[in-house]
Amino acid sequence: MYKQIGILTGGGDAPGLNAVIRAAVRTAIGEFGMSVVGIEDSFEGILGETHTQKLTRKAVSGLLPQGGTILGTRNRGSFVKMVDGVPFFPEMPIGEALANLDILGIEALIVLGGEGTLAIAQQFHNRGFPIIGVPKTIDNDLAATELTFGFMTAIDIATEALDRLHTTAASHDRVMVLEVMGRHTGWIALQSGLAGSADVILIPEIPFSFESVAQKVLAREKAGSRFTNIVVAEGAMEIGKSEIYSDEKELRLGGVGDYVRKRVEEMTGKESRCVVLGHLQRGGSPNAFDRMLGTNFGACAVRALASGETGKMVALQAGTIITVPLSEACANIKTVAVDGQLVRTARDIGISFAAPKELRPDD
Ligand code: F6P
């Protein structure tokens, strides 16, 4: 049994990170008699002059509803470099980090992160350091787990935004475009679009045609609905084009919502507005589901370490928390099935994805 374990959070924050930390600390101390060190600012906290904090039961008291992460996080750090678009893990920082973990007396790590952070965790495992990963992303695009915490809270926020846009769109007879997060996948757009009664949902998995979007807006007009709500994932693409970046150098997506707004206004003559929901989807308190999932993940991650597992990630499958190899978790992202049930349901109730083949006489 380990005497002392470490825990860190990496990548973009997500509501529920603190719930995982709290549960991991309570389980490690209460159930297994381990002590816990929090590593600050992702893996960066174990480089140079290390920065860590002792996590006692008192230190995690009251954390469950708190957004963000008390440990701080970093999107990019020293552990991974991109070479021609392919991640490369230089030897140096990992060697230094392993030496520092030894000095700090940290015998195993729980790493909370998305695919990028978990790929770094995998490098530690490859060098024989015990690691358990906890999947985190509001985009819900990690393979091997049905859900990640933070996603349901993001859906709540995006759904509320759509509800609010609905009334102002209807009052002004406007087209409202809501841009939501979702770099490679349209889970937030699709599920909030269904819950928030969007008329058009644009996702990266289904490249869209402006003719089809305009046709939907005009068909609604003809049928007496003189407003349209469109939800677009930040990574959605027009057919034959690529994603839109607000910062090409940093590969930061953004701007597709306003692009859609402009083109739809030109093509339909309808006054249109765009709202970018941005980091409101990530900030603030986790909803009940994400608190519950985060708590479960935190406790199960410690239990997995305590029973000698390593190189694994906790995952939700069929309502149960299991562990899967980290390599499996990082291998692929989970995309929306274009012919899956959620897309079919959306189409059944008249939501358009603006794919050209969707052009129907009544659309
Ligand atoms: O990975 C989650 C995510 O929310 C993406 O949808 C988005 O592109 C990205 O993070 C933005 O992160 P940041 O502003 O922290 O770079």
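## What "buried" means here

A residue counts as buried when its relative accessible area is under 20%, as exposed when that area is over 50%, and as partly exposed in between. Keep that in mind for F297: with a relative accessible area of 0%, F297 is buried. One more thing before we go on: what you're looking at is a predicted model.

## The overall picture

Let's start with the whole chain. The protein is built from ten helices and 15 strands.

Of the 363 residues, 53% count as buried.

## Aromatic pairs

How many aromatic pairs does a search of the whole structure find? It turns up six. A pair of aromatic rings is described by the distance of the centres and the angle of the planes.

Take F149 and F297 as one of them: the ring centres are 6.4 Å apart and the planes sit at 65°, and an angle over 60 degrees counts as edge-to-face, so that's what this pair is. F149 comes from the loop between strand 7 (131-135) and helix 4 (151-172), while F297 belongs to helix 8 (residues 288-306), so the pair ties together parts that are 148 residues apart in sequence. F149 counts as buried, because its relative accessibility is 0%, and F297 is buried at 0% as well.

## A second pair, and a cluster

F210 and Y259 make another edge-to-face pair, with 5.4 Å from centre to centre and 80° between the planes. Here F210 lies in helix 6 (residues 210-222) and Y259 in helix 7 (residues 256-268), so the pair ties together parts that are 49 residues apart in sequence.

Are these two partners buried or partly exposed? F210 is buried, with a relative accessible area of 1%, whereas Y259 is partly exposed, at 25%.

Finally, have a look at F43, F79 and F124, which form one aromatic cluster.

Notes
Residues numbered from 1 in each chain as written. Predicted model: local features only at pLDDT ≥ 70, side-chain atom pairs only at ≥ 80, totals over all residues. Heavy atoms only, no water. Helix = DSSP H or I, 4+ residues; strand = E, 2+ residues; numbered from the N terminus. Buried < 20%, exposed > 50% of the residue type's maximum accessible area, 1.4 Å probe, protein only. Phe/Tyr/Trp six-rings, centres within 6.5 Å; stacked < 30°, edge-to-face > 60°.
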